[in-house]
Amino acid sequence: MALLLTEDDVRQVLTMDMALAAVEEAHRELAHGRAIDIPRQRSRLPQTTLHILQGALPAQGVIGYKAYTSNRSGNRFRVHLFDAASGELTAVVAADYLGMVRTGAASGVAARCLARSDARVAGVFGSGWQAEGHVRALCAALPLEVVKVFARDKARLSDFCARLSEVTGRQVLAAESAEATVRDSDVLGTVTTASTPLFDAQWLSPGVHINAAGSNSLIRQEISEQTLRRCSLIAVDSVPTALAEAGDLLPGLEKGRLHARQLLELGDILIGRQAGRQGADDITLFESQGMAIQDLALASRVVAAARERALGQEIDL
């Protein structure tokens, strides 16, 4: 019997600390050669696109995939988990909220790994669904005191800041401009669908860490080539995925101003195979594209917690 979990079931058990632990473990497993991750594949129609991410975590006994559709009416997410030994379906998990928390957690893990230990001020571009996960993860991963948020919709931004201040217990404030968001920030996050860079590289303070989480195709770009040139270190969740999807990096790679060998996988930094931040003034960047193993690691934890609380519906397929 497989367990079917709804969005409400997932919300009852999923925490940001759970997500941070799951994402970090997934990256460590990949770095040790104990995981398989296949970059996102898409089937496109004029009205609807199907996206599939698949992979395996043998140590957790899990193999599976996340599939979601996107069109003008919205997105629909499901993670399918199978037993790695028997091949039997073990769970189908609604993954809208799960994906939001997981995406934020990836940036949280990267910030904990690459940001300065004295980071207290963060600046975030975006006030949408994914930006919520980003802010929550940064506040869970770092001893932040203030988070400045910039977005075009001022009414939405005001509500976002009030709600996230209550959720995180930190000062989440509306920034007056893009420049004010960047200036004097120890950590920056970009979580938008922008097609052109969001800020001027000259606004960056020495020692800032940047999480770029919105650019997952060639038509999207949040980070300028000038910013890339200021970075001492560029980390990615997966080099194959970054080479396929990272709109921030692809122009530089195409022009030969950036080379694939300069990209470091987050897992390699976590296990010490590659060095992370070398100095207090280094500017570091993490390009987040999303990986199946992140979803699988977190979904398996959610399923275990849901079973303990007798949540969900058993289905016989």
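Helix axes are lines fitted to C-alpha atoms over the stretch in contact, and angles run from 0 to 180 degrees between N-to-C directions. The model shown is predicted, so that local features need pLDDT of at least 70 and side-chain atom pairs count only at pLDDT 80 or more, while totals for chains, interfaces and linings use all residues. Residues are numbered from 1 along each chain as its sequence is written, and side-chain values use heavy atoms, with hydrogens and water left out.

**View A. Packing of helix 3 with helix 11.** Helix 3 (residues 96-114) packs with helix 11 (residues 292-308) at an angle of about 120°, and their axes are 10 Å apart. That angle makes helix 3 oblique to helix 11, a term for what remains once angles under 35 degrees (roughly parallel), over 145 (roughly antiparallel) and 65 to 115 (roughly perpendicular) are set aside.

**View B. Residues in the contact of helix 3 with helix 11.** With contact meaning heavy atoms within 4.5 Å, helix 3 contributes Leu-98, Gly-99, Arg-102 and Ala-106, and helix 11 contributes Gln-294, Asp-295, Leu-298, Ala-299 and Val-302.

View C. When a disulfide is taken as a pair of cysteine sulfur atoms within 2.5 Å, the count comes to zero disulfides. Cys-139 is buried, with a relative accessible area of 5%, whereas Cys-113 is partly exposed at 24% (buried is under 20%, exposed over 50% and partly exposed in between, with a 1.4 Å probe and protein chains only).

Conventions: Helix = DSSP H or I, 4+ residues; strand = E, 2+ residues; numbered from the N terminus.
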